[in-house]
Amino acid sequence: MKLQRKTRRALALGALAVSGALALTACGSDDTGTSGGDSAATAKAGAIDCGDAKGQLQASGSSAQKNAIDAWVRQYSAACKDVQLNYNPTGSGAGVTAFLQGQTAFAGSDSALDAEEIAESKKTACTDGGQAIDLPMVVGPIGVGYNVPGVDSLVLDAPTLAKIFDSKITNWNDKAIAELNPDAKLPDLKIQAFHRSDESGTTDNFTKYLSAAAPDDWKYEPGKSWEAKGGQSASGSSGVAQQVAQTSGAISYMELSYVKDGMKSVKIKTGAAEPVEATTENATKSISEAKVVGTGKDLALELNYTPSAEGAYPITLVTYEIVCDKGNKASLPAVKSFLSYIASEDGQGLLADAGYAPVPAEIITKVRSTVSSLS
């Protein structure tokens, strides 16, 4: 644990050193395909309550929610011109470390904090007796993107995925893949499996799925760091997506909005009658079964990675914004203003166009109440 924490701190410091180049502001890159000058968007921005918010708001973490943050920042910055919000998509592990070291106002993480991290936050990031809490803000399917020439539709199940990512299945015409895809013309082509090189909540959720749905084939402990042998690695969701898009025979896991040009998404065979596509609607069917397991103001969720309902996509993630419940110091007005907006009906309403799903109503209601109580 100590070695892992030192590695995480090094990643966080290195990522923050280049935050000026990667910071996402209103004039940043537009990966969602929407226009910052859209009249409907301007109307929504006008409904944002800026309050006394001003100055710079520094945040970092989950790269899976980057496209959602992009969309939110465009609208928020149009309304609250006295606030400059910089979000650096360094990955969940580095983002949590930066927050715990007091370097950012909030962190984005695709995994909830563990007990050790919450205890550390009481000594470092949060003052006045406060502690870090998890606020679920973004729901998304983890797409399994692949690039196999001539294969436009591909079905895989958890055991087969486990063997692919553990280097036990190494060719696309393997018998196990062929049995799941009797109508596909699978090439005699080496599988190039990519995983995240950085600590990642997406890795955490993907390996939790493999562990829960294929326990006989996935013998590694789930976590933010990749433990399986073999394969190739790249940093961030954008990094693995780029590798899959440009590498024939490649496959990797990433937030669905990154599965685009140059690749397609695997359909997952579950206990349902039909394989399930990775869509925001199908992710919502799965997330609706999530339970709040955090205590007090903490809204950490327990997800079901083995749903059997028709159309429930099993490989999902929830991105949390991690903030102090008390002791937010000078950043409080901007933190409350921004988080109130992204938890609002308008903020959540932008998620579908950015390739995500809104947080279920019964949970986001609790998030709004908690944000209003931050001090």
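Which residues of the largest nonpolar core touch the most other members? They are Trp 72, Met 137, Leu 161, Phe 165, Ile 251, Phe 338 and Leu 339, in a core of 105 residues. A nonpolar core here is a set of buried Ala, Val, Leu, Ile, Met, Phe, Trp, Tyr and Cys residues joined through side-chain atoms within 4.5 Å. Strand β4 (residues 132–147) gives the largest share of this core, nine residues.

The model is predicted; local features need pLDDT of at least 70, side-chain atom pairs count only at pLDDT 80 or more, and totals for chains, interfaces and linings use all residues. Residues are numbered from 1 along each chain as its sequence is written, and side-chain values use heavy atoms, with hydrogens and water left out.

The pLDDT score is the predictor's confidence in each residue, from 0 to 100. Its mean over the protein chain is 89. A value of 70 or more is reached by 88% of the residues. Over residues 1–43, pLDDT stays under 50. The model has 70 contacts beyond four places in sequence for that stretch. A contact means heavy atoms within 4.5 Å.

The protein chain has 14 helices and 13 strands. Both are DSSP runs, numbered from the N terminus: helices are H or I with at least four residues, and strands are E with at least two. Of the 375 residues, 55% are buried. Buried means under 20% relative accessible area, exposed means over 50%, and partly exposed lies in between (1.4 Å probe, protein chains only). The accessible surface of the protein chain comes to about 15100 Å². Carbon and sulfur atoms hold 50% of that surface. Areas come from the Shrake-Rupley method with a 1.4 Å probe, and for residues only the protein chains shown count as cover. Among contacts with a separation of 6 or more, 77% join residues 24 or more positions apart.

Phe 165, one of the core residues named above, has contacts well beyond its sequence neighbours. Leaving aside residues within four places, its partners include Phe 194, Phe 206, Trp 218, Trp 226, Ile 251 and Tyr 253.

Tyr 253 also meets Thr 203. The side chains of Thr 203 and Tyr 253 are joined by a polar contact of 2.6 Å. A polar contact is a pair of N or O atoms within 3.5 Å; within protein, one must be able to donate a hydrogen and the other to accept it, and residues adjacent in sequence count only if both atoms are side-chain atoms. Thr 203 sits in helix α9. It is buried, at 0% relative accessibility. Beyond four places in sequence, Thr 203 touches Arg 196, Gly 223, Lys 224, Ser 225, Trp 226 and Tyr 253.

Charged pairs come next. A salt bridge is a side-chain nitrogen of Lys or Arg within 4 Å of a carboxyl oxygen of Asp or Glu. The count by this rule is six.

Lys 224 is buried, at 13% relative accessible area. Glu 117 is buried too, at 3%.

Lys 163 and Asp 217 form another salt bridge, with the closest N and O atoms 3.9 Å apart. Lys 163 belongs to helix α7 (residues 158–165) and Asp 217 to the loop between α9 and β7, so the pair ties together parts 54 residues apart in sequence. Lys 163 is partly exposed, at 30% relative accessibility. Asp 217 is also partly exposed, at 26%.

The salt bridge between Asp 70 and Lys 66 spans 3.1 Å between the closest N and O atoms. These two residues are four apart in helix α4 (residues 66–79), so about one helical turn separates them. Asp 70 is buried, with a relative accessible area of 3%. Lys 66 is buried as well, at 12%.

Ala 176 is found in helix α8 (residues 175–180). It is partly exposed, at 24% relative accessible area. Ala 176 and Lys 163 are 13 residues apart in sequence and 9.8 Å apart in space, C-alpha to C-alpha. Beyond four places in sequence, Ala 176 touches Thr 160 and Ile 169.

Thr 316 is in strand β13 (residues 316–324). It is buried, at 0% relative accessibility. Its contacts beyond four places in sequence include Gly 140, Pro 141, Ile 142, Asn 205 and Tyr 305.
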